[in-house]
Amino acid sequence: MHRSEKAVDTQICCDAIQLASLNKMARLFLYTNDTDFLPLIETLKVFGCNVSLIRLRNKDTNKKLAEESDSYHVMNESKILQAFAK
């Protein structure tokens with residue numbers, strides 16, 4: 001089944017808030033530059049979760065996202081591919 005980008009973003013937010021509310025998530029790593037995730041970051045911090053923002057080395061970063069996150073990591077594309085390789 002194909003989902004739209006907004007549907008996937010909404011599902012990520014719902015899942016993350018649910019896990020945080022049940023104390024089953026201490027940290028969320030977000031690989032995004034989408035400010036639509038700012039409310040999620042703020043909500044997770046209320047639940048005591050840490051949020052780490054990950055960006056590619058050669059991409060601009062949204063300053064507001066970086067400021068609101070607990071940590072900010074710049075990675076090169078090969079490292080990200082290694083982290084998520086099957």
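Select Leu28 and show what surrounds it: beyond its neighbours within four places in sequence, Leu28 is in contact (heavy atoms within 4.5 Å) with Ala16, Leu40, Leu44, Asn50, Val51 and Ser52. This is a predicted model, in which local features need pLDDT of at least 70 and side-chain atom pairs count only at pLDDT 80 or more, while totals for chains, interfaces and linings use all residues. Residues are numbered from 1 along each chain as its sequence is written, and side-chain values use heavy atoms, with hydrogens and water left out.

**The core.** Next, select Ala16, Met25, Leu28, Leu30, Leu40 and Leu44, the residues with the most contacts inside the largest nonpolar core, which has 15 residues. Such a core is a set of buried Ala, Val, Leu, Ile, Met, Phe, Trp, Tyr and Cys residues joined through side-chain atoms within 4.5 Å; buried means under 20% relative accessible area, exposed over 50%, and partly exposed in between (1.4 Å probe, protein chains only). Colour helix 1 (5-21), strand 1 (27-31), helix 2 (38-46) and strand 2 (50-56): these are the elements that give two or more residues to this core. Helix 2 gives the most, with 4 residues. Helices (H or I, at least four residues) and strands (E, at least two) are DSSP runs, numbered from the N terminus.

Two strands pair if DSSP finds at least two bridges between them. Zoom in on strand 1 and strand 2, which pair in the parallel sense over 5 bridges. Here Tyr31 stands opposite Ile54 in strand 2.

**The whole chain.** Show everything again and trace the elements from the N terminus: they run α-β-α-β-α-β-α, with 4 helices and 3 strands. The radius of gyration, taken over C-alpha atoms, is 13 Å, close to the 12 Å that the globule rule (2.2 Å times the number of residues to the power 0.38) gives for 86 residues, so the chain is as compact as a globular protein of that length. Along its principal axes the C-alpha trace spans about 35 × 35 × 25 Å. Finally, colour by burial: buried residues make up 29% of the 86 residues.
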